[in-house]
Amino acid sequence: MASKSHSNGEEVETKDMDIRSLSSSRRHVHNTQYLHKVGVPPKQNLFREFTATVKETFFADDPLRHFKDQPRSQKLILGIQAIFPILEWGRSYSWRKFRGDLIAGLTIASLCIPQDIGYAKLANLDPQYGLYSSFVPPLIYAFMGSSRDIAIGPVAVVSLLLGTKLSREIDPIKNAAEYRRLAFTATFFAGITQATLGFLRLGFLIDFLSHAAIVGFMAGAAVTIALQQLKGLLGIIKFTKETDIISVMHSVWGNVHHGWNWQTILIGVSFLSFLLFAKYIGKKNRKFFWVPAIAPLISVILSTFFVYITHAEKKGVQIVKNIEKGINPSSVNQIYFTGEYLLKGLRIGVVAGMIALTEAVAIGRTFASMKDYQLDGNREMVALGTMNVVGSMTSCYVATGSFSRSAVNYMAGCETAVSNIIMSCVVFLTLEFITPLFKYTPNAILAAIIISAVVGLIDVPAAILIWKIDKFDFVACLGAFLGVVFASVEKGLLIAVSISFAKILLQVTRPRTAILGKLPRTTVYRNILQYPEAAKVPGLLIVRVDSAIYFSNSNYVKERILRWLINEEEQVKATRQPTIQFLIVEMSPVTDIDTSGVHALEELHRSLQKKGVQLILANPGPVVIDKLHASNFANLIGDDKIFPTVADAVSSCSPKLVEEV
C-alpha cells in the first residue's frame, strides 16, 4: 500500500516536471521560433498601382458600384437616376411625406420672401432679383440635389460678397443695367466652377477650408453684414461703399447730426426687437419653430401697413418703392461672353461659387448626419452648379443653401426636396400677384430682417470649443474673423485659407515624435508622457514617428531622433545606467516614405554607427517596407533588424533586460 502510494507520488512529480518542462519549452519556442519577419507585399503592376491611386483619390466612394452586374437597360435607368435623384426617391413618395413637405415649404416661403428682398438690396440689385433667385434655382435643385433638408435661395454672405466686388467694377446706381449684366456673368461662372468641381470629382478641395476658419469667416461676415444694415436701420442716405468696420463706423457717426432719421430708427429698432424676441422663443421651445419663421413676414406686413396709413415716406422713411411684377425674364443675352468684363465676371464668380459651395455642403452634411443618410458631395456640386448656370440665364444671382431657412425647413418636418418646390410655387404666386403690395415696405424692416438672420451665423459656443480643443485652430478662426471685419470679405477668406494651409504645412514639416516605454506586466509600448508608468528599457531607446516621412520633413525627423538620442545619453551618463546600444524606430504611424525619407534613414544609420548604436525598425507598413527593399536600405541594416512589433524588436535586442522591466 505504501509502495503504491510512493509510486503515485513519483508519477505526480514526474507529471509536474513534464508540465514545467513543456512550459519552459513553449516559452523558448515563443522567444525564438515565433519571431516573424516583416512581410513584403508582392510587386504590383505599375498601371494597376496608378489606377488604384487615381480611384482612391477621385472615386473613393465607388460611385459606379450600383452599375455592376446590371443589364444595359437598367444601367440607363440608374444613370438617369444618378443625374436626377428625384426619379429614384419619387417612386416611394407618399401623401404623408407630401403633408410634411407642404407645411415646411409654406413655412420657409414665409421666411424667404422678406429675406430675398433684403438680400437683393445687399447685392445692390432691385428687390425682384432676390425673389427670382428663390424661384428657378430651388426647382432645379429639387430635381438634381441629394439633400432632403437644404433650402435654396440667396444668402447674406454671398450677397454681400457680390455687392462689394461688383460695385468696385461698375457703379450699381449710375450703370444699373451693366451692373446686372456683370452679376449674371459672375453667377454663370460661379455655376460653371461648382459643376466642374463636381464633374471632375474635386470636392475634396473645399475641405482645405477648415471648420475653424469657416466659423470665424461666417462670424466676421455676420458682423460686416449687420454693420452694413445700419444704413437702412438709421435712415442714412450717404453711406460708405467700404465694408470694414472702421470705415462703416466713421460713416455712421459722421451722419449722426444730419443723416439719421428718427422715424426710421423707431420702425427699425422696434421690429428688430420683435424679430430677436421671436427667434428667442423659437430657440427656447422647439415646438414654436414657426414663430421666428413667420415673424419676418408679419413684420413686413405690419410695417408696410403702418407706413401706408401714416405716409411716413414723406417724412424721410425710405421705402422699397416699385417691385416689378411677373416671373423671371430671360437673361441669356445679358451675360458677358466677350469683352473686358468677361474676366472680371469669371474672377468674381469663382470666389462667389466657392463660398456658396462651402456653405451649402457644410449645411447639407450637417442635416444629413442628423437624419442619418449619406450626402454625395460631388453630386451636390453638380446640382448647385447647374441651378446657378440656369439661374444666370433667368435673371437670378448666385443661390445656395441657406442655413436659417434649412434649419426652419428641418424643424418644420420636411421629408424631401419637394419643400423647395412648394416654396418656389409660393414665390411664383408672389411675383405674379403680390409684389405691388410691397411698394410701401420700409428699408428699415429689411435691414432688421437681415440683422436678425445673420445673428445666427455668430457661433460663440463653437469658437469656445475650438479654443479648448486646438489653439492653432482658434488662431485660424480669429484670423478669419478679424480679416473680414477689419479688411474685407475676400481678404478674410484669404487669411482663413492661408492659416489653414499654414497649419497643414506645419503638421507635415514638423511631425510629432515620442519616446516609448513598456507598460508594466505587458508587452505593450506606449508614449511615456501619456503613460508615466511606462518604463524605459535599459540600453534601448524606442522612438515613434507619427507621420509619413517626405522630403518636407525627412531632415527634421532625422535630427529630432538624434536629439532624442543625445538627451537620453546625457541622462544615462548622469544616472550611470547601461549605455544606449540600440535605437528602435516604431514605424506603424509612418504611412509612406519617399526618396528623401529613405536618404534620411540612411544618414541616420551612418550617424548611429559612428556612435556604436544599432538602428532597428519596428512594424513598417506595406508601402514603406516595399520602398525600403527597393532602395536596398533593408539589406543595408539587415533584414534581421526589421521586426513586426516593438516587443519582438526589444526581446531580440535585450531579452534578459526586457524580462526585468
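Is Arg180 buried, exposed or partly exposed, and at what relative accessibility? At 21% relative accessibility, Arg180 counts as partly exposed, where buried means under 20% relative accessible area, exposed over 50% and partly exposed in between (1.4 Å probe, protein chains only).

This is a predicted model, in which local features need pLDDT of at least 70 and side-chain atom pairs count only at pLDDT 80 or more, while totals for chains, interfaces and linings use all residues. Residues are numbered from 1 along each chain as its sequence is written, and side-chain values use heavy atoms, with hydrogens and water left out.

Arg180 belongs to helix H9 (residues 176-199) and Asp126 to the loop between helices H5 (95-122) and H6 (127-132), 54 residues apart; helices (H or I, at least four residues) and strands (E, at least two) are DSSP runs, numbered from the N terminus.

Next select Lys165 and Glu490, which form a salt bridge (3.8 Å, N to O) between helix H8 (residues 156-167) and helix H22 (residues 489-509), 325 residues apart. Both Lys165 and Glu490 are buried.

Then move to helix H25 (residues 622-630), where the buried residues are Val624, Ile625 and Leu628. They cover an arc of only 95 degrees around the axis, and therefore lie on the same side of H25, the arc being that of the directions from the helix axis to the C-beta atoms.

Note on methods:
Salt bridge = Lys/Arg side-chain N within 4 Å of Asp/Glu carboxyl O.
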